[in-house]
Amino acid sequence: MFSLSLFGVSLLFAAWFFFTASGTNLRYMMADTLITTQHRHWAKYLIGNEGLERQVSKYTKQFEEMSQVVSTIPVHIPSVTDLAVQEKKLIEIEPVSEGKFSGYIVSISDPKKIRLGVPGKIGKGEKVSSMVKRTGALLGVNAGGFVDPNWEGNGFQPTGIVISRGKVYYYDGDDSTPTNIVGIDKDGRMVAGRYTPKQMREMGIQEAVTFTPKFIVDGKGLVKNQADGWGIAPRTCMAQKEDGTIMFAIIDGRQTHSIGATLFDIQKLFLDRGAIIAANLDGGSSTVLVHNNEIVNKPASPHGERYLPTAFLVFDDPATADIKNIWEGLDISQIDPSKW
């Protein structure tokens with residue numbers, strides 16, 4: 001009798017899951033969540049091969065369209081004197097909790113205090129906590145993506161471009177090939193979009209990594225609803241307010257205390273705090289916040305922090321930060337991202 005009842009419940013659940021609007025919405029949300037991971041192929045069991053291809057194509061097109069939206073609202077970068085008069089702290093960390101997820105919003109009042117950190121040794125990425133300690137940074141968050149075979153990558157080979165101090169440290173394309181970037185220009189203004197290295201030099205890009213999408217422009221959200229929020233996952237995202245303040249959202253995920261957030265969730269957090277531009281950074285198991293040499297959040301990986309190629313670091317005096325180009329002189333084609 002019990003087995004028959006269980007069978008009946010299973011049939012009812014399957015009918016709801018596959019043949020109702022609410023069940024279909026849940027299936028696609030679950031599929032989108034898988035698409036953001038290294039286990040993208042598992043999504044086919046929820047929405048089929050054609051459905052998976054459609055979703056990937058949809059997001060690729062959507063993210064490309066988002067990258068083309070141009071910011072017009074000017075950002076007013078404060079001077080050191082202005083910040084002193086306003087008595088603004090350089091770093092403020094605000095815990096956030098919105099039901100299914102929890103994490104932190106970090107505010108950096110002076111964007112010119114931010115530098116892009118890279119590993120200190122050839123052949124392997126570096127934990128953000130190690131980058132912070134080694135360079136004397138006050139705070140660090142993970143930044144760009146990396147080549148990650150079988151989810152076991154050594155974190156040394158970035159994807160796209162890495163720019164630090166206005167110099168290209170790494171690029172897997174050529175001077176005429178555009179790539180999506182998230183970063184800061186020489187005046188402290190956040191930049192997100194698709195540009196060639198030549199355009200980046202002309203724009204004075206100072207610190208940048210490749211990632212996507214840009215999802216707030218001129219104080220308006222580009223993600224229209226939860227269904228377009230690219231699934232539920234741990235998130236690291238970056239934004240800027242009109243007064244120049246840089247914000248990072250660091251949201252835990254894949255855990256009992258926080259299952260994760262959609263980009264729509266992050267968009268709302270940023271808009272509520274006055275963001276006029278925002279973009280996504282690497283998330284998932286890479287998401288980490290380090291402050292005063294302590295890991296503040298709870299990374300999703302059961303092994304703790306991942307080894308990464310880049311991190312946005314905050315310094316009292318970024319000019320003193322010794323961040324060498326670890327990829328200089330290396331043949332990109334000879335880098336083995338799986339070799340430890």
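A salt bridge here is a side-chain nitrogen of Lys or Arg within 4 Å of a carboxyl oxygen of Asp or Glu. By this rule the count comes to 14. The model is predicted: local features need pLDDT of at least 70, side-chain atom pairs count only at pLDDT 80 or more, and totals for chains, interfaces and linings use all residues. Residues are numbered from 1 along each chain as its sequence is written, and side-chain values use heavy atoms, with hydrogens and water left out.

**Stop 1: salt bridges**

Select lysine 58 and aspartate 228. They form a salt bridge, with the closest N and O atoms 3.2 Å apart. The pair links distant parts of the chain, 170 residues apart: lysine 58 sits in helix α3, aspartate 228 in the loop between β11 (220-221) and β12 (235-241). Helices (H or I, at least four residues) and strands (E, at least two) are DSSP runs, numbered from the N terminus. Lysine 58 counts as partly exposed, because its relative accessibility is 31%. Buried means under 20% relative accessible area, exposed over 50%, and partly exposed in between (1.4 Å probe, protein chains only).

Next, pick aspartate 187 and arginine 189. Their side chains meet in a salt bridge at 3.5 Å, N to O. Aspartate 187 is partly exposed, at 32% relative accessible area. Arginine 189 is also partly exposed, at 32%.

Now go to aspartate 272 and lysine 268. Their salt bridge has its closest N and O atoms 2.9 Å apart. The two are four residues apart in helix α7, so about one helical turn separates them. Both aspartate 272 and lysine 268 are exposed.

**Stop 2: helix α7**

Stay with α7 and select residues 263-272. Leu263, Asp265, Ile266, Gln267, Leu269 and Phe270 are buried there. At the start of α7, a side-chain oxygen of threonine 262 reaches to within 3.3 Å of the backbone nitrogen of phenylalanine 264. Just after α7, glycine 274 takes a positive phi of about 90 degrees.

**Stop 3: the pockets**

On a 1 Å grid over the protein atoms alone, a pocket is an open set of points where a 1.4 Å probe fits, with protein on both sides within 12 Å along at least five of seven lines; lining residues have an atom within 4 Å of a point.

The largest pocket has a volume of about 860 Å³. Of its 35 lining residues, Thr36, Arg40, Phe211, Trp230 and Asp282 are the closest to its centre. The elements that give two or more residues to this lining are α3 (44-67) and β7 (179-185). The largest share, six residues, comes from α3.

The second largest pocket has a volume of about 340 Å³. It is lined by 15 residues; select Trp151, Ser285, Ser301, His303 and Arg306, which lie nearest its centre.

**Stop 4: the nonpolar cores**

A nonpolar core is a set of buried Ala, Val, Leu, Ile, Met, Phe, Trp, Tyr and Cys residues joined through side-chain atoms within 4.5 Å. The largest has 48 residues. Select Ile108, Met238, Phe248, Phe312 and Trp327, those with the most contacts inside it. Strand β17 (residues 311-314) gives the largest share of this core, four residues. A second, separate core has 30 residues, including Ile35, Met66, Ala239 and Ala278.

Note on methods:
A polar contact is a pair of N or O atoms within 3.5 Å; within protein, one must be able to donate a hydrogen and the other to accept it, and residues adjacent in sequence count only if both atoms are side-chain atoms. Grid points are joined across faces, edges and corners, and a volume is the space filled by probe spheres set on the points.
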